[in-house]
Amino acid sequence: MKTMDALLAEVPTFAGMTTPQLEFIAGCATNVRAADGERLFREGDPAEVFYAIRHGSVALELHLPARESVTIDTLHDGDLVGWSWLFEPFRWEFDGRARGDVALIRFDGACLRGKCDADHELGYELMSRFSRVIISRLQATRLRLLDVYGVGAPV
Amino acid sequence: MAPPAETRLLEREHLDELLGALKRRGYRLLGPTVDNGAITYDELESAADLPAGWTDEQEGGTYRLRRREDQGVFGYAVGPRSWKQFLWPPRVRLWKARAEGDGFEIEPEPAEPSRDAYIGVRSCDLHAIASLDSALRDIPDPDPGYAARRAGVFIVALNCWQAGGTCFCVSMGTGPRATSGYDIALTEVLEDGRHYFLVEPGSAAGAEVVAELPARDAGADEVAAGERAVELAVAGQGRTLDTTDLKGLLYRNYEHPRWDDVADRCLTCGNCTMVCPTCFCTSVEDVTDLTGTEAERTREWDSCFTLDFSYVHGGSIRSTPRARYRQWMTHKLATWGDQFDTFGCVGCGRCITWCPVAIDITEEAAAIRATDGGGPPAWGEDGR
Amino acid sequence: MVPERFRVADRRQETADTWTLELEPVDRPGGFRFRPGQFTMLYAFGAGEVPISISGDPAVPERLVHTVRAVGAASGAICRAEPGRMLGVRGPFGSHWPLGDADGRDLVVVAGGIGLAPLRPVLYEILGARERFRTALLLYGGRQPDQLLYSQEIEEWRERGLDVEVTVDIAPVGWPAGVGVVPDLIDRARFDADEAVAFVCGPEPMIRFSAEALIARGVRADRVHVSMERNMKCAVGHCGHCQLGPEFVCRDGPVFTFERMRAAFGLRDV
């Protein structure tokens, strides 16, 4: 049975962080499981947690009034799920649903914010790593915005 | 220097014997003639149709004919037409088709060999013809029409003695003396009241024709006079173009600010591509008659300056004049080298003369060279 | 240079604007032999001619198969051709996917949108001789689920031993496959980058980002092969329209190594 800091070391976003740092964060983390189809969070709900996927996949969905609800993204092994815990108003922007059975690490948002306030070096380390992931997601989203598969002007 | 054994001398008044010998062999004569204020290439009946006593004044965006003080037959440079109008005609039908039930029948256009004699081909244009051979005939899928027409051509070259105001064949290594690719080469001499042609065969077919002419062996002093005549063309070059590492220079400078500069002036009218003797780009057109039962496909000259030239679903790759001018110039002076191992430009100066805003390819190249950006090459280490 | 006559034997709609036609030769005996990656110029009487990649099985030369998107007069007329109608075909033209380079290696086939059509012949070859390659993997992306090609066939390929990962830009809730971009599929895919050969086809931006993702994983640039597209008229290298720098896409391509195309992707409007 692995310790939480050992599990955290396997999450690509945290790869290379020191054991003391991981042990410090581990205090905010718990192992959880979700069954196929289970909703992890709902748009508009308070975003007090975020997740790292250990095994499995999570779909981000958006309900559109008078239209079919859409899946806006699917996340997989090693991906972080949820950014709304970082800043006010701390509300989820999408629904999150388990695709198949999923093993996740759940982080307490307030706990981790507290630790970052107490240890600014840790805070900088985490924010740098989160930024990289967010930038990568932004690039991918922009690519989809191009609608490269459409019949329009070539790029 | 002793004259080469084959150099013969033909007096001016016997020039028509040469044309007559070719006509007797069934050749259609094509050569320079005055038409609509320019010297173009058209069908000739005899030497009387040649522009004797005419010369041209050429500069950027300028072309005028002027009377000479002498009766030189070939005392001018090249005009707006080139030999590609005969070898790679502006409009050719490729095939016809007829609808039948659920299908159709296709009737290809036969590839007719020509029997044309080109009279007065300049060295720059000889190189241009060789370039067209590389692009249209000496390729994995040669165009049968081009190959057939080309095979039937007899070339009487003319070593220039009157360079044009925009000529730069010396820079491009393409003249003014013709060195190969002809059946007969003429050098016109007007000196000390004499007017004659030095005649050199360049092939067995050429030698056979020369043998029929009332010509005698040329003397050493006459050959020397011929050399002096050609030297006039060397000395009279209107432009120069430094070709040192020219491909590399352009490959390094795809983002040079000069392209913006020329784009401000270029109208993308495509005149340069029409008059250029090596531009070979074409398009095809499929048309039906009103009943929709007969269709045909034709091939026409096209120009990379048109907006649609690079169209792919929804838009054009080269949508700006900057991109299109850059395409033409880098093709002519750089990528042509990777394609055909030579320059596409033969230094004839036509593009400079016939550009309505006098854009000068030699000036553009020099401007880029003067402020070489030195970036990485656009196309691989050495292009391949 | 003159089209050969073929008759439409089968016509099937793939998506809202895409059809697959199966053609049988009228004039040419013995079928139509081609190599994966090659294309023909398809002609609809009076409407015009367009370059279309061959998307059938090279082992079945009796049927010439094309998947065509209706985007203009000629392609629209071709898509409307019912069984029994005659079309003209010139070809095959161009370079091919170098399957030989992938023998004994991991073959990663990356397709976007209608780009799966020029790669389908590769997939048929893989399924016909699976033991030639170590890992054989299809990564396929499209805009939305109803715009993906060959959905049913993809399931059959999966059953026959091809690893397949599919993603779309956006999907209705309940879509069983991924939502995201093809480069992300590449990041997650299981293959040995040192021993991988990749074939990439789709819209040019998708090719560019996918190739960069493959290179970032350590695949050699001369082992990433891409299929390029340019305006074509003659398809035999003399009309000049398809030039991409010094390359004639119809004759030197359409398949090129990414190494050869890399500089081109960095230039604009060439």
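The following legends describe close-up views of a predicted model.

The model is predicted, and local features require pLDDT of at least 70, side-chain atom pairs count only at pLDDT 80 or more, and totals for chains, interfaces and linings use all residues. Residues are numbered from 1 along each chain as its sequence is written, chains are lettered from A and ligands numbered from 1 in the order in which they are written, and side-chain values use heavy atoms, with hydrogens and water left out.

**View 1. The two domains of chain B.** Chain B is assigned domain 1 (8-235) and domain 2 (246-370), with bounds taken from an automatic or database domain assignment. Their contact (heavy atoms within 4.5 Å) draws 43 residues from domain 1 and 40 residues from domain 2 of chain B. The C-alpha centres of the two domains are 25 Å apart. Between them the domains bury about 3400 Å², with 59% of this area on carbon and sulfur atoms; buried area is the accessible area (1.4 Å probe) that two parts lose on being put together, summed over both. K84(B), W88(B) and F168(B) contribute 18% of the area that domain 1 of chain B buries against domain 2, more than any other three residues.

View 2. Domains 1 and 2 of chain B share 5 salt bridges, each defined by a side-chain nitrogen of Lys or Arg within 4 Å of a carboxyl oxygen of Asp or Glu. D125(B) and R350(B) form a salt bridge through their side chains, at 2.9 Å from N to O.

**View 3. The interface of chain C and chain A.** Here 29 residues of chain C contact 19 residues of chain A. The two chains bury about 2000 Å² between them, 61% of it on carbon and sulfur atoms. Across this interface, 1 salt bridge is found. The side chains of D147(A) and R143(C) meet in a salt bridge at 3.5 Å, N to O. The interface of chains C and A also has 10 residue pairs in polar contact, both at pLDDT 80 or more.

How values were computed: Polar contact = N/O pair within 3.5 Å; in protein donor to acceptor, adjacent residues only side chain to side chain.
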